[in-house]
Amino acid sequence: MGRPYADKDRQEALIMDSPLDWTIARPVILTNGTRTGSYQVLRDPKAWRNGLISRADTACYLIDAIEQGFDIRGDVVLAR
């Protein structure tokens, strides 16, 4: 399996230091549930927590973030 997260901080720093518009979305544990529309976007690292979120709700946030310009140059945690 190796070390999948060994360079995560370095990779994120490269993204954050780039001139691109970016959003880092960190979903908590992904489920195969349906889209509920009732999820939280946790923007303050002090509020970040573990939990569950469906892949459908994660996809919904990602589409909304692109179309509406949410959280540009920010990183968020997505949770139910």
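Visitor: Why is Asp 75 called partly exposed?
Guide: Its relative accessible area is 24%. Buried means under 20%, exposed means over 50%, and partly exposed is anything in between, using a 1.4 Å probe and protein chains only. So Asp 75, at 24%, counts as partly exposed. Bear in mind that this is a predicted model, where local features need pLDDT of at least 70 and side-chain atom pairs count only at pLDDT 80 or more, while totals for chains, interfaces and linings use all residues. Residues are numbered from 1 along each chain as its sequence is written, and side-chain values use heavy atoms, leaving out hydrogens and water.

Visitor: What makes Arg 26 and Asp 75 a salt bridge?
Guide: The rule asks for a side-chain nitrogen of Lys or Arg within 4 Å of a carboxyl oxygen of Asp or Glu. The closest N and O atoms of Arg 26 and Asp 75 are 2.8 Å apart, so the pair qualifies. This pair links distant parts of the chain, with Arg 26 in strand E1 and Asp 75 in strand E5, 49 residues apart. (Strands are DSSP runs of E with at least two residues, helices are runs of H or I with at least four, and both are numbered from the N terminus.)

Visitor: Which salt bridge does Glu 12 form with Arg 26, and what does the pair tie together?
Guide: There the closest N and O atoms are 2.6 Å apart. Glu 12 lies in helix H1 and Arg 26 in strand E1, so the pair ties together parts that are 14 residues apart in sequence. Glu 12 also forms a salt bridge with Lys 8, at 3.9 Å. By the rule, Lys 8, Asp 9, Glu 12, Arg 26 and Asp 75 are linked in a network.

Visitor: Why is Glu 12 called buried?
Guide: Its relative accessible area is 14%, so it falls in the buried class. Lys 8, at 31%, is partly exposed.

Visitor: How do you know that E1 pairs with E5?
Guide: Two strands pair if DSSP finds at least two bridges between them. Five bridges join E1 (residues 23-27) to E5, so they pair, and they run parallel. Arg 26 has Val 77 as its bridge partner in E5.

Visitor: What makes E1 and E3 edge strands?
Guide: The three strands form an open sheet in the order E1-E5-E3, with mixed pairing. E1 and E3 each have a single partner strand, so one side of each is left without a neighbour in the sheet.
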